[in-house]
Amino acid sequence: MAIYVIGRLVTGSFVLDQLDALDFPRQGGALAIRARAARKVLGGEEDYNMVEAGATQVVSFGRHTFGATLRLGYSPGSVLPQAETFGLGGFLNLSGYQTD
């Protein structure tokens, strides 16, 4: 777990990684949670909050390995600036869909 003040943001994160390999895992899972708060008093242009979470699970059956990832984003009590919005589609994210 880590909490940082980076320029105009206060950010915190928690990561739990139980994957058996960095590049090509064959089993295990991972969980990541990140929260971010931007404030005008820190020099930002807007006040906003955002929380992102992601979970990955990998299983193998013989020579075959399957992996799935779920990512969620939430902006409690605020509207995000355009550059911070959550996207759908693009490379490795529902690749058949064009990026928003």
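Mentor: A pocket is an open set of grid points with protein on both sides within 12 Å along at least five of seven lines, and its lining residues have an atom within 4 Å of a point. Please bear in mind that this model is predicted.

Trainee: Which residues line the second largest pocket?

Mentor: Its lining consists of Arg8, Leu9, Ala38, Gly44, Glu45, Glu46, Tyr48, Pro81, Ala83 and Glu84. By class, 5 of these residues are nonpolar, 1 is polar and 4 are charged. The space in this second largest pocket is about 180 Å³.

Trainee: How much space lies in the largest pocket, and which residues lie nearest its centre?

Mentor: The largest pocket holds about 830 Å³ of space. Of its 25 lining residues, Gly54, Thr69, Leu70, Arg71 and Asn93 lie nearest the centre. Strands S2 (9–17), S3 (28–38), S4 (48–61) and S5 (64–74) are the elements that each give two or more residues to this lining. S5 gives the most, with 7 residues. The lining comprises 14 nonpolar, 8 polar and 3 charged residues.

Trainee: Which residues form the nonpolar patch on the surface?

Mentor: The patch is formed by Met1, Phe14, Leu16, Leu31, Ile33, Val51 and Tyr74, which together have about 690 Å² of accessible area. Both S2 and S3 supply at least two of the patch residues.

Trainee: Why does Leu31 count as partly exposed?

Mentor: Partly exposed lies between buried, under 20% relative accessible area, and exposed, over 50%. Leu31, in strand S3, counts as partly exposed because its relative accessibility is 32%.

Key
Residues numbered from 1 in each chain as written. Predicted model: local features only at pLDDT ≥ 70, side-chain atom pairs only at ≥ 80, totals over all residues. Heavy atoms only, no water. 1 Å grid on protein atoms, 1.4 Å probe; cavity = no way out; pocket = protein on both sides within 12 Å on 5 of 7 lines; lining within 4 Å. Points joined across faces, edges and corners; volume = space filled by probe spheres on them. Helix = DSSP H or I, 4+ residues; strand = E, 2+ residues; numbered from the N terminus. Nonpolar A, V, L, I, M, F, W, Y, C, P; charged D, E, K, R; others polar. Patch = residues over 30% accessible without salt bridge, like charges linked within 9 Å, V, L, I, M, F, W, Y side chains within 5 Å. Areas by Shrake-Rupley, 256 points an atom, 1.4 Å probe, with all protein chains shown as cover. Salt bridge = Lys/Arg side-chain N within 4 Å of Asp/Glu carboxyl O. Buried < 20%, exposed > 50% of the residue type's maximum accessible area, 1.4 Å probe, protein only.
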